[in-house]
Amino acid sequence: MDVPGGGGGRGAPWRKMSKEELENQYSPSRWVVRRGAEEAMRTYSQIGDEATKKARATGRSLLDMPYGDGEGEKMDIYFPEEVSEALPFLVFFHGGYWQSGSKDTSAFMVSPLTAQGVAVVIVAYDIAPKGTLDKMVDQVTRSVVSVQKRYPGNRGIHLCGHSAGAHLAAMMLLANWTKLGVTPNLKGLFLVSGIYDLEPVMHTSENAPLLVTLEDARRNSPQWHLEMAPAQPADPGCRILVIVGQHDSPEFHRQSREFYQALRRRSWEASFEELRDVDHFEVLWNLTQKDYVLTQIILKTIFQES
Ligand SMILES: N[C@@H](CC(=O)c1ccccc1NC=O)C(=O)O
């Protein structure tokens, strides 16, 4: 296999980095500006935990709904007060480098979105070492199919993913829905501080539980597919918002920018947004706030199209 000609190619900046520099660039917690790395991670878990407890306390949820036979193939569905047949859905995939995180601490955006009439689904998947990347991509694909089958009258499904979860969401652009028998009513993707070319991650300590080979990395890199694989027709009805935090590392900025550019080259309806004054974790925990700029962008996008 050849290497892509774009940012992932032979001239990619990460190829010239020392092992330490690469490790640094791919350790989001080292780039936070308002607190130490450990405190940032602690706050992130705490806010996720509290948001999930608050979302579950309303009682308007279906928890642990299976989307497959595997023990980890479960999703939580949170409903707005006004129940209708034709709700817009937002399906969220949590981050944590495919090896940490849980649906049980990731309901960040549930309260502000359900308050505005959006049903929110938080998906669990088998993180490493139990799950491989291929398995996680397959699981997430089946979770989207399951939402469409359960709610065929939905007014659009938007996917949202953070970091490793943005990678999983982006992989849905390559899914073979025909083979799965159902084409979800996908209207948009919100990709927050994601990774789209997995090859550099393979050379960091994050790969220890993942055991990604070069073949695995390419097969599971949406960037690689957009640059190298035969073009799949872009869906003009599906808008893609690529989002990065101002204080994300330069490599995270590069990954987002180059993915956005590759999407545009392949005729996807994509836009790019750098969110001011937030780091890799704040961008997500701010989604607990109805007035946060990204919460507002998400709501505006969902209701423009439903
Ligand atoms: N070990 C990582 C943790 C991390 O990257 C992370 C943690 C929680 C949610 C998302 C994350 N990043 C990507 O998936 C770090 O140093 O920041």
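Which residues have the most contacts inside the largest nonpolar core? Select Val91, Phe92, Val120, Val121, Val123, Ala169 and Leu191, which hold that place in a core of 88 residues. A nonpolar core here is a set of buried Ala, Val, Leu, Ile, Met, Phe, Trp, Tyr and Cys residues joined through C-beta atoms within 7 Å, and a residue is buried if 20 or more other C-beta atoms, placed from the backbone, lie within 10 Å of its own. In soluble globular proteins, nonpolar side chains tend to be buried together.

The model you are viewing is predicted, so local features need pLDDT of at least 70 and side-chain atom pairs count only at pLDDT 80 or more, while totals for chains, interfaces and linings use all residues. Residues are numbered from 1 along each chain as its sequence is written.

Stay with Phe92 and show its contacts, meaning residues whose C-beta atoms, placed from the backbone, lie within 7 Å. Leaving aside neighbours within four places in sequence, Phe92 is in contact with Ser106, Met109, Val120, Val121, Ile122, Val123 and Cys160.

Next, select strand β2, residues 74–78; strands are DSSP runs of E with at least two residues, numbered from the N terminus. Four of the five residues of β2 are buried, so this strand is largely enclosed by the rest of the structure. Strands pair if DSSP finds at least two bridges between them, and β2 pairs in the antiparallel sense with β1 (residues 61–66) over four bridges. It is Tyr78 of β2 that is the bridge partner of Ser61. Strand β4 (residues 119–123) also pairs with β2 in the antiparallel sense over four bridges, and there Met75 stands opposite Val123.

Now select Ser163, Asp248 and His280, where UniProt, in an unreviewed entry, places the feature "active site"; such annotations may be inferred rather than shown by experiment. These residues span 118 residues in sequence, yet no two of their C-alpha atoms are more than 10.6 Å apart, so they gather at one spot.

Zoom in on Ser163, which is found in the loop between β5 (157–162) and α5 (164–171), and which is buried, with 26 other C-beta atoms within 10 Å. Not counting residues up to four places away in sequence, Ser163 touches Gly95, Ser193, Gly194, Ile195 and His280.

Finally, move to His280, in the loop between β8 (269–275) and α11 (282–285). This residue is buried too, with 25 other C-beta atoms within 10 Å, and beyond four places in sequence its contacts include Trp31, Ser163 and Asp248.

Methods. Buried ≥ 20, exposed ≤ 12 C-beta atoms within 10 Å, placed from the backbone. Contact = placed C-beta atoms within 7 Å.
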